[in-house]
Amino acid sequence: MMNSGASNNMMSSASASGNNAQAPGLKTYFKTIEGKYKLQYEKTHPAGLLHYAHGKTVTQVTVAHLKDKPTQTPSQSSSSLGVSSGVRSAASRLWSVGNGSRALSFVAGNGGSKPVSGNTTRIGSLGASSSNNVVGNPNFDGKGTYLVFNVGDAIFVSDLNSQDKDPIKSIHFSNSNPVCHAYDPDAKDGHDLLIGLNSGDVYSVSLRQQLQDVGKKLVGAQHYNKDGSVNNSRCTCVAWIPNGDGSFVVAHADGNIYVYEKNKDGSGDPSFPVIKDQAHFSVSHARYSKNPVARWHICQGSINGIAFSADGAYIATVGRDGYLRVFDYKNEQLICGGKSYYGALLCCAWSMDGKYILTGGEDDLVQVWSMEDRKIVAWGEGHNSWVSGVAFDSYWQASNSDGVGESTVYRFGSVGQDTQLLLWDLEMDELVVPVRRAPGGSPTFSTGSQSSHWDSACPVGTLQPAPSMRDVPKLSPLVAHRVHTEPLSGLIFTQESLLTVCREGHVKIWTRPVSSESQSSGNSDSLTSSSLKVSGSGYKQ
């Protein structure tokens, strides 16, 4: 892990004693049935480094876990081709990604190496610097868990396990703002971080290499869609494909998703055909074996969020048109989807078992979709403004669960522009399916039949209109807590904590409830303390 001295030539760290200063009216804890979530500390950007374009981007955060330093330090990323991407580890689960208006990214500097022909280059006009003559950071030991977040024209990296408030690394762009990112802990060639820019450009870089360098420019970057040569609309989301052998997808504001493979060269001529019907889904493949290898036209208007199921079999998208769409990724087939009650959808997330999908958006609601039934099975009301982030807590399990019962309880969270964090429990066996009664029927006598919404699973390939709220079970939040003073943009569950981030670039780390044994040990300061015990059997170890 990076020690406190690792901030050489970077922003000075704030004293730990001031990290938990709260705005008036904000509490440093909130209660659940398992106990208290307590504010451990905060991460933010140096106040003096705000860029004039800060207000034009929304901060998002990701957790990046660097494994033990390899026996041989990777070459200066001169060969970023032929990388394997593997399934996302628990440490890198975010919102994944699936996180609506995600915005994270990295920068570029002045380059000295020659660009590779085509759209995939070592450097670009945005300034990803060459890996030649890189000055090493002697304080970086090659492993640890880090937070990566964007503010304005910069990316900041903080040590998750340090109480220092200020970041240990900053990377600055000159011509465009970073807006989205994704991390893959299992990348074989070291390029584990994707960065999408407002200009449409995309970079893959090694996070380890960025931390080893003391400069403020991106080093050893691979450049895709240089100067918007394939698509010049804003990147909205990037994602590694689980089990994808180094493949990744990039979503754009014009409704298109492009598929890239790191083991292929860039393409000087993308040569994709003109989209004849903007309102219909279509897939086109490149004529030559170069990047990007395919274009998926999803919808008219912006794609606001994408998320892969854990096994990579399905990809979910949400967009400006208010539709969730779920695709069979390998077979390039629309499976199901449906519309929001009002306005755009902004975020989506999968359960780890791939059975349910969460969505949130401008209707202020959280919706739960079933992959088995291919329709909405529950909706939650509790936010007072747009829902900007949703995520399942894959580390949580019911405290009274003995592993024998058939009923499964899912814990998930949501954040919104109302500055609130909401926690929810979903137990399908406990949902009360609304009953449709004949006109004039007694409201206290349950005669009649279930709504037609529950008659059968929706046909494959069908986009459903929003069902009547009277026909779908309603969920109420377990907890509603105002955690920031500014609108929230995302949340992440880790094994030891819950992270929330606001649009202005402030991250809060909330430790999970701990047992009396752990509390009495007095050794729970570190988020990764091996002595941390979770109350009851509430969390998976």
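This is a predicted model: local features need pLDDT of at least 70, side-chain atom pairs count only at pLDDT 80 or more; totals for chains, interfaces and linings use all residues.
**Surface charge.** I started with the lysines. Lys27, Lys31, Lys36 and Lys38 form a positive surface patch. I picked out Lys31 from that group and found it in strand 1, residues 29-32. Is Lys31 buried or exposed? Its relative accessibility is 56%, so I put it down as exposed, the cut-off being over 50%.

**Ring pairs.** Next I went through the aromatics and got 19 pairs. I looked up Tyr356 and Tyr410: the ring centres are 5.1 Å apart and the planes sit at 75°, so I logged an edge-to-face pair. Tyr356 belongs to strand 21 (residues 356-361) and Tyr410 to strand 25 (residues 409-416), so this pair ties together parts 54 residues apart in sequence. I checked cover too: Tyr356 has 11% relative accessibility and counts as buried, and Tyr410, also at 11%, counts as buried.

Then I moved on to Phe412 and Trp424. How are their rings arranged? The planes are at 10° with the centres 6.0 Å apart, so I call the pair stacked; the cut-off for that is under 30 degrees. Phe412 is in strand 25 and Trp424 in strand 26 (residues 420-427), so I have a link between distant parts of the chain, 12 residues apart. I found both Phe412 and Trp424 buried.

**Cluster.** Last entry: which residues do ring pairs link into a cluster? I noted Phe281, Trp296, Phe308, Phe327 and Tyr329.

Notes. Residues are numbered from 1 along each chain as its sequence is written. Side-chain values use heavy atoms; hydrogens and water are left out. Patches are made of residues with over 30% relative accessible area and no salt bridge: like charges are joined within 9 Å, nonpolar side chains (Val, Leu, Ile, Met, Phe, Trp, Tyr) within 5 Å. Accessible areas come from the Shrake-Rupley method with a 1.4 Å probe; for residues, only the protein chains shown count as cover. A salt bridge is a side-chain nitrogen of Lys or Arg within 4 Å of a carboxyl oxygen of Asp or Glu. Lys and Arg count as positive and Asp and Glu as negative; His and the chain ends are not counted. The place of a charge is taken as NZ of Lys, CZ of Arg, CG of Asp or CD of Glu. Helices (H or I, at least four residues) and strands (E, at least two) are DSSP runs, numbered from the N terminus. Buried means under 20% relative accessible area, exposed over 50%, partly exposed in between (1.4 Å probe, protein chains only). Rings of Phe, Tyr and Trp (its six-membered ring) pair if their centres lie within 6.5 Å; planes under 30 degrees apart count as stacked, over 60 as edge-to-face and the rest as tilted.
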